[in-house]
Amino acid sequence: MADPASPDPSPPNQQATPAAPVVDLEPEHELIVLARTTPEASSANDTLVIGTAIGAAVFGIAFAVSLVIGLPIGWYGMFLALAFFSLGLSIRRYFFDRFPEIEAAELREVPDDQPERPVSNVPALARRPLLTRVLLGSAGVFGASLLALVPSLGPRVGEQLRSTPWASGVRLKTTEGEDIRAEDLAIGTVVTAWPADNIGFERAAVLVMRLSDEPAEPTNMEWVIENSLVAYSKICTHAGCPVALFRERENSLFCPCHQSTFDVRRACQPTFGPATRPLPQLPLGTDDAGFLIALGDFVEPPGPSTG
Ligand code: FES
């Protein structure tokens with residue numbers, strides 16, 4: 001412990017630093033304007049504002065027209081870029097002489113005997129009606145021209161992703177366009193089939209299989225022929241790849257894209273891989289001539305879930 005009677009241990013030549021005076025800075029005293037340069041309004045600048053504003057409107061119209069009449073993307077892309085550039089330049093020049101260039105210093109300390117007052121001589125905005133109207137008008141025309149994009153968004157998807165050409169009585173056809181007779185399909189056979197008149201319609205593709213083992217729940221047995229013939233969507237419910245491989249001994253269908261596996265005995269429920277939904281079962285029947293027909297569309301939408 002230090003002896004209270006001992007002298008101060010500080011070196012004798014060190015003086016206590018006097019406390020700095022506390023300066024009470026008000027918020028508006030934070031900057032001092034050292035120099036201020038206000039660009040002069042000029043007719044040249046005004047002409048540039050009006051010219052580029054009109055240019056933005058013209059390029060916007062050109063964009064809309066070229067889009068509607070179906071010009072190549074390079075054309076309407078160029079017009080759109082020019083419209084954006086012109087409008088941006090016009091806005092930039094519109095405000096060119098509204099805001100002065102200001103050089104300022106941050107006020108750190110204000111001596112008591114020289115109180116500084118910050119200079120604030122930035123004038124309020126003075127609107128020039130003609131420039132404002134031209135600029136707003138061209139921005140409006142340009143904005144309206146963007147409405148030309150609306151038709152290119154395409155039709156509403158809606159039910160198109162849920163329904164397929166399958167309907168009651170529609171015959172199943174092979175890729176070659178031949179009708180399929182139930183009795184022609186032996187055990188272990190798998191055939192890709194399409195709706196008549198819609199061969200190649202991908203979302204309607206089905207795999208018709210003759211199973212060696214009798215299907216079980218939750219298979220809809222009313223859509224199974226002779227306790228062994230079934231048809232399921234060929235489109236993987238994970239990401240839409242065609243389910244390509246029928247492993248008859250394992251009673252499974254295999255998707256090569258991400259290895260999803262489906263149990264064909266049990267309503268093509270997913271048993272492995274990223275798919276979470278079963279492959280939809282096609283209501284399957286035969287007509288009077290013994291040819292395979294659909295009894296209706298899929299109950300569940302084929303392919304990946306769309307939300
Ligand atoms: S698309 Fe079939 S598993 Fe991914």
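**Entry 1: helix 1 and what follows**

Helices here are DSSP runs of H or I with at least four residues, strands are E runs of at least two, and both are numbered from the N terminus. Helix 1 covers residues 43-68, 26 residues in total. From first to last C-alpha I find that helix 1 reaches 37 Å, close to the expected 38 Å; the expected span is 1.5 Å times one less than the number of residues.

I note that this is a predicted model, in which local features need pLDDT of at least 70 and side-chain atom pairs count only at pLDDT 80 or more, while totals for chains, interfaces and linings use all residues. Residues are numbered from 1 along each chain as its sequence is written, and side-chain values use heavy atoms, with hydrogens and water left out.

**Entry 2: S86**

I located S86 in helix 2, residues 73-94. S86 counts as buried because its relative accessibility is 8%; buried means under 20% relative accessible area, exposed over 50%, and partly exposed in between, with a 1.4 Å probe and protein chains only. Leaving aside residues up to four places away in sequence, I find S86 touching T52, G55, A56 and F59, where contact means heavy atoms within 4.5 Å.

I then examined strand 4, residues 190-195, which is largely enclosed by the rest of the structure because five of its six residues are buried. Strand 3 (residues 172-173) runs antiparallel to strand 4 and is joined to it by two bridges; strands pair if DSSP finds at least two bridges between them. Opposite L172 I find P195 in strand 4. Strand 5 (residues 206-210) is also antiparallel to strand 4, with four bridges between them. V206 in strand 5 is the bridge partner of A193.

**Entry 3: L279**

I placed L279 in the loop between strand 10 (269-272) and strand 11 (284-286). L279 counts as buried, because its relative accessibility is 1%. Beyond residues up to four places away in sequence, the contacts of L279 include Y232, I235, V243, L253, F262 and C268.

**Entry 4: the largest pocket**

I found L279 again in the lining of the largest pocket, together with others including P218, W223, A267, R277 and E300. By class, I count seven nonpolar, two polar and two charged lining residues.

Note on methods: On a 1 Å grid over the protein atoms alone, a cavity is a set of points where a 1.4 Å probe fits but cannot get out, and a pocket is an open set with protein on both sides within 12 Å along at least five of seven lines; lining residues have an atom within 4 Å of a point. Ala, Val, Leu, Ile, Met, Phe, Trp, Tyr, Cys and Pro count as nonpolar, Asp, Glu, Lys and Arg as charged, and the others, Gly among them, as polar.
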